[in-house]
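Keep the structure open as you read.

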Amino acid sequence: MVPLSKRLFAECFGTFWLVFGGCGSAVLAAAFPDVGIGLLGVALAFGLTVLTMAFSIGHISGCHLNPAVTIGLWAGGRFPARDIAPYVVVQLVGAVIAAALLLFIASGQPGYELAPNGLAVNGYGLHSPGGYTLESGLAIEMVLTFGFLSVILGATDSRAPAGFAPIAIGLALTLIHLISIPVTNTSVNPARSTGPALLVGGLALHQLWLFWVAPIIGALAAGGVYRWLANEPLPPHVTGEHL
């Protein structure tokens with residue numbers, strides 16, 4: 001068993017990598033003149049952050065990088081309740097550090113403005129890239145988080161082909177972003193939403209509740225459904241040894 005302190009450090013760094021890499025691609029590269037990576041590039045960047053971290057720290061911490069994943073794995077019988085709070089705390093710390101560093105770098109460009117979407121914040125209504133409503137945002141975040149946790153639980157099942165889980169999980173997150181960037185800027189991750197929202201403040205912070213409630217509901221549902229579907233519970237895979 002990897003000591004909790006090492007698992008927490010890995011989770012903090014991994015979540016930093018996800019937010020800095022994913023949100024950084026949206027802030028710094030998505031609309032760069034003439035050679036911007038666009039929506040497809042941002043979606044791929046988020047998927048690559050999870051894929052690379054899953055291979056790097058999956059065997060240490062399980063590579064959750066996301067409070068909804070931690071809670072969903074608990075609901076699926078894969079993670080102990082006693083470690084949920086420490087994991088969530090360090091995930092939030094990593095996300096805030098990443099958002100702060102991204103803001104520092106982005107502010108070095110002349111004319112940079114923080115609001116309304118300067119840090120790739122999530123939102124609905126005025127903060128939705130496509131102007132989608134609260135109801136649309138709530139629905140898509142719940143459904144896509146359900147799907148994401150289903151992929152994670154299935155790909156890391158001891159009966160699944162060994163060694164391919166990071167690829168499946170990374171591609172799933174890419175697909176999720178391709179679907180939902182126009183709706184909410186894609187969260188499915190309360191930590192990813194919280195880091196930028198804390199720095200942007202205002203409406204972004206006011207709308208943050210949705211990006212905690214919807215992903216957690218989707219994750220809890222996925223954990224319960226997968227346990228029924230796969231005849232769980234299986235032994236807890238705290239350190240992600242099946243990644």
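Across the whole structure, a search finds three salt bridges. A salt bridge here is a side-chain nitrogen of Lys or Arg within 4 Å of a carboxyl oxygen of Asp or Glu. This is a predicted model, so local features need pLDDT of at least 70, side-chain atom pairs count only at pLDDT 80 or more, and totals for chains, interfaces and linings use all residues. Residues are numbered from 1 along each chain as its sequence is written, and side-chain values use heavy atoms, with hydrogens and water left out.

Side chains of opposite charge can pair when their charged atoms come close. Start with D83 and R7, whose side chains meet in a salt bridge at 3.3 Å, N to O. D83 lies in the loop between α3 and α4, while R7 is in helix α1, so the pair ties together parts that are 76 residues apart in sequence. Helices are DSSP runs (H or I, at least four residues), as strands are (E, at least two), numbered from the N terminus. Both D83 and R7 are buried. Buried means under 20% relative accessible area, exposed means over 50%, and partly exposed is in between (1.4 Å probe, protein chains only).

Next come R78 and D157. Their side chains meet in a salt bridge of 3.9 Å, N to O. R78 sits in the loop between α3 and α4, and D157 in the loop between α5 and α6 (165-184), so this pair ties together parts that are 79 residues apart in sequence. R78 and D157 are buried. D157 also forms a salt bridge with R159, with the closest N and O atoms 2.8 Å apart. Is R159 buried or exposed? R159 is exposed, because its relative accessible area is 54%. D157, by contrast, has 4% relative accessibility and so counts as buried.

**The cysteines**

A disulfide is a covalent bond between the sulfur atoms of two cysteines. The working rule is a pair of cysteine sulfur atoms within 2.5 Å. By this rule, the count is zero disulfides.

C12 is buried, because its relative accessible area is 18%. C63 is buried too, at 10%. C12 is found in helix α1. Not counting residues up to four places away in sequence, C12 touches V90, V93 and G94. Contact means heavy atoms within 4.5 Å. The C-alpha atoms of C12 and Y87 are separated by 8.3 Å, although these residues are 75 apart along the chain.

**An enclosed helix**

Now turn to helix α7 (residues 190-200). Nine of its 11 residues are buried, so α7 is largely enclosed by the rest of the structure. Those buried residues are P190, A191, R192, S193, T194, G195, P196, A197 and V200. They pack against α1 (4-29), α2 (38-57), α3 (67-75), α4, α8 (202-206) and α9 (210-229).

Look at both ends of α7. At the start, a side-chain oxygen of N189 reaches to within 2.9 Å of the backbone nitrogen of A191. After α7 comes G201, with a positive phi near 70°.

Helix α5 (residues 134-155) holds T145. T145 counts as buried, because its relative accessibility is 0%. Which residues does T145 contact, leaving aside its neighbours within four places in sequence? T145 is in contact with A68, V188, P215, G218 and A219.

**Out to the surface**

Finish on the outside. L28, L101, F104 and I105 form a nonpolar patch on the surface, with about 380 Å² of accessible area together. Such areas come from the Shrake-Rupley method with a 1.4 Å probe, and for residues only the protein chains shown count as cover. Patches are made of residues with over 30% relative accessible area and no salt bridge: like charges are joined within 9 Å, and nonpolar side chains (Val, Leu, Ile, Met, Phe, Trp, Tyr) within 5 Å.

Helix α4 (residues 84-106) gives the largest share of the nonpolar patch, three residues. L101 is found in α4. L101 is partly exposed, because its relative accessible area is 34%.

Conventions
Polar contact = N/O pair within 3.5 Å; in protein donor to acceptor, adjacent residues only side chain to side chain.
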